[in-house]
Amino acid sequence: MNDRQKGKIQPQWLWKTLISLVLGLTLSFGLVGLFAWFGPDSLNSELSGERLLWKTQIHMWMVPPIWMIIVTVGYLFKTAKEAAMSLLIGNVCVFGCLIFFKDLL
């Protein structure tokens with residue numbers, strides 16, 4: 001690989017797509033989980049039936065936009081390996097926070 005191609009974004013679109021779809025979905029689940037536990041009206045609070053219904057619907061519909069943003073940003077990584085490592089580190093951090101902080105509630 002010459003010097004001009006080192007700094008360029010590599011056209012590994014198939015691998016970037018697959019990596020972003022899989023790891024992006026798990027990352028979006030984790031981010032929504034953090035919002036569900038630590039956002040307004042956390043999961044430990046007493047909610048009426050209607051309020052609980054609205055809360056679960058909001059959390060359910062937050063996943064696709066976050067997921068699509070992650071998939072879109074996945075194409076901006078220089079290589080598929082960089083995308084995989086970054087999204088994997090993001091997943092570990094988010095789920096680590098979810099596991100660690102959930103026990104504190």
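Leu 18 sits in helix 2, which spans residues 13-38 (helices are DSSP runs of H or I with at least four residues, numbered from the N terminus). Residue numbers start from 1 along each chain as its sequence is written. The model is predicted, so local features need pLDDT of at least 70, and side-chain atom pairs count only at pLDDT 80 or more, while totals for chains, interfaces and linings use all residues.

**Exercise 1.** Describe how helix 2 packs with helix 3.

*Solution.* Two values are needed: the angle between the axes and the distance between them. For helix 2 and helix 3 (residues 49-74), the angle is about 145 degrees and the axes are 8 Å apart (axes are lines fitted to C-alpha atoms over the stretch in contact, with angles from 0 to 180 degrees between N-to-C directions). Next, list the contact (heavy atoms within 4.5 Å): among the residues are Leu 21, Gly 24 and Phe 35 of helix 2, and His 59, Ile 66 and Trp 67 of helix 3.

**Exercise 2.** Is Leu 18 buried, partly exposed or exposed?

*Solution.* Take the relative accessible area of Leu 18, 41%. Buried means under 20%, exposed over 50%, and partly exposed in between (1.4 Å probe, protein chains only). Leu 18 is therefore partly exposed.

Note on methods:
Heavy atoms only, no water. Helix = DSSP H or I, 4+ residues; strand = E, 2+ residues; numbered from the N terminus.
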